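This report is written for a reader who is meeting the structure for the first time. Please look it over below before reading on.

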Amino acid sequence: MIARRIRRSAVDGARYAVLGWAACAAPLAAQDGPAPIPVNVTVDAGRPGEPVNPVWRFFGADEPNYATMKDGRTTLATLGQLAPERVYFRAHNLLTSGDGTPALKWGSTNAYREDAAGRPIYDWTIVDRIFDTYRARGIKPYVEIGFMPEALSSRPQPYQHDWRPGSGELRTGWAYPPKDYAKWEELVYQWVRHCVARYGADEVASWYFQTWNEPNLPQYYWGGTREEFFRLHDAAIRGVRRALPRARVGGPDIAGAGDDFLTAFLQHVKAAGTPTDFLSFHAKGSPSVVADAGGSHVRMGIATHLRAADHEFGQIAADPRFRRTPIVIGESDPEGCAACQGPANAYRNGTMYSSYTAAVIPRLQALAMRRGLTLDGVLSWAFEFEDQRPFAGFRQLTSAGIDLPVINVFKLFARIKGRTVPATSDGERPLDTVLRDGVRAAADIGAVAARDGDRVSVLVWHYHDDDVPGPEAAVTVRLKGLPAAFRDGAAVTELRVDPQHANSYAAWKAMGSPEAPSNEQRAKLMAAARLDPVHAGERTVVTKGVATVRFGLPRTGVTLIELTPAERARSAR
């Protein structure tokens with residue numbers, strides 16, 4: 001993702017002082033309430049390590065048809081701009097029967113049906129429209145091969161589920177094994193063959209292909225046995241590789257349920273000789289509502305999230321054949337249902353979600369690294385929900401076309417480039433403590449850093465599991481090992497996501513939470529959502545390759561500090 005180590009710092013308020021900006025640089029102002037948490041971050045810019053691995057650049061959603069709608073297209077454009085041609089999108093229901101009308105946890109493309117004699121009829125119109133929308137915005141498909149077309153389902157009726165938040169049946173005809181595995185394989189072959197003809201072999205070879213979703217959850221996504229899934233998977237991978245022998249294939253994108261499914265899958269693909277270029281599983285947290293003196297509040301479950309991932313990492317690490325196989329956490333989220341609402345999900349619109357994201361991704365990298373594994377991707381199962389009321393409480397990146405704080409954290413991640421450099425923070429909670437207990441006592445104030453030529457970037461976050469007020473962090477970042485280009489000083493820019501910055505939800509609440517914002521109100525919300533610099537190009541002194549930056553970061557805040565040579569910044573103006 002961004003750097004090897006992570007530490008986090010925060011401070012309530014937007015006060016910011018950088019040593020050396022001016023002889024009279026003001027200290028942090030005194031405040032009412034608890035004293036700020038002093039945090040010291042040390043960054044060694046003179047020790048570049050591995051290239052930054054942007055594992056964060058994977059996204060997905062249940063509802064594939066939202067991609068082609070007005071707010072879906074806008075959200076995809078934002079994602080594509082983060083890392084053009086390196087962002088991937090995964091969606092359910094790419095082979096599901098239907099007319100393309102979306103609904104919660106539903107979508108369809110009608111790619112397959114049969115004539116009266118049982119002969120296949122393929123129609124790629126809708127799925128092409130979805131993939132074309134991705135590609136036009138610099139996004140590549142992470143192709144989930146599923147779900148079962150009605151004409152192929154071994155239990156087709158009822159076909160479309162009647163699920164709704166809180167009730168209904170999710171597992172219906174779309175979730176069952178095929179009545180004919182040869183037709184299933186041929187469907188996949190024809191689909192990939194068509195994609196190669198439409199997009200080119202080199203392009204399709206850069207995609208990911210995996211079969212189904214969470215087949216270890218029979219109550220939700222799979223109506224067959226484990227062995228039937230393995231047969232389904234083998235047939236699908238044969239179909240992909242027949243059409244494109246160098247396609248990147250893998251799986252099984254299981255839920256991180258603490259079971260032995262992944263071990264059984266590894267044993268199966270070895271015995272069957274099924275190609276496996278990457279391994280994938282899901283890991284989720286578990287927020288809850290807990291009582292407090294004021295009534296109740298949301299408590300996040302970052303430890304549950306990390307333990308789920310580490311359980312699957314452990315199964316992979318135990319098999320020498322797969323220890324070097326790239327891994328994608330195909331869904332990685334604070335909880336398990338993007339389309340569900342409710343009190344425990346009240347973290348989503350605000351900075352609990354953004355600070356959680358900043359804290360959890362480096363921890364996932366650290367867990368993989370500790371086991372000697374290669375983590376290539378961490379996929380956020382969050383997109384947008386079309387034509388819903390503003391800030392409706394879904395797990396999403398944008399609401400009614402307005403960026404939420406969480407998507408702004410991905411914009412911060414996208415700016416961290418080059419090579420990682422060591423970053424340590426005395427405010428970071430130890431990995432094993434967070435893995436065991438979460439962040440329930442002291443806050444987690446950590447940092448990651450990178451150097452890209454003469455540009456140094458430091459991401460600092462301030463996270464706590466409990467969504468209650470807490471003291472800010474008074475952060476001192478000491479950067480050493482700055483190259484000779486900084487001899488005349490450094491220009492410092494700060495970008496911030498916190499309760500006051502890059503936060504459309506806070507602006508919406510401040511204007512009275514309008515159900516239907518007017519054009520004027522919408523324009524204000526769009527402006528409030530922007531990730532504008534809090535400070536841009538401020539100058540600080542550099543002495544013998546060392547610079548010091550001080551700032552305050554509120555609880556649930558995430559900030560990115562960027563240093564460039566002062567002389568270069570001056571000439572650029």
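## The span of helix 6

How far apart are the end C-alpha atoms of helix 6 (residues 261–272), and what span should its 12 residues have at 1.5 Å a residue? The model is a predicted one, and in it the end C-alpha atoms of helix 6 lie 16 Å apart, which agrees with the 16 Å that its 12 residues should span at 1.5 Å a residue.

Within helix 6, the buried residues are Phe261, Leu262, Ala264, Phe265, Leu266 and Val269. In an α-helix there are 3.6 residues a turn, so residues three or four places apart point the same way.

Just after helix 6 comes glycine 273, which takes a positive phi of about 75°.

## The cavities

When the whole structure is searched, 3 cavities of 30 Å³ or more are found, and the largest cavity has a volume of about 80 Å³. Its lining is made up of His305, Ser332, Asp333, Pro334, Tyr353, Tyr356, Thr357, Val360, Ile361, Val378 and Ser380. Two or more residues of this lining come from each of strand 13 (327–333), helix 8 (351–370) and strand 14 (375–380), and helix 8 gives the most, with 5 residues.

Key. Residues are numbered from 1 along each chain as its sequence is written. This is a predicted model: local features need pLDDT of at least 70, side-chain atom pairs count only at pLDDT 80 or more; totals for chains, interfaces and linings use all residues. Side-chain values use heavy atoms; hydrogens and water are left out. On a 1 Å grid over the protein atoms alone, a cavity is a set of points where a 1.4 Å probe fits but cannot get out, and a pocket is an open set with protein on both sides within 12 Å along at least five of seven lines; lining residues have an atom within 4 Å of a point. Grid points are joined across faces, edges and corners, and a volume is the space filled by probe spheres set on the points. Helices (H or I, at least four residues) and strands (E, at least two) are DSSP runs, numbered from the N terminus. The expected span of a helix is 1.5 Å times one less than its number of residues. Buried means under 20% relative accessible area, exposed over 50%, partly exposed in between (1.4 Å probe, protein chains only).
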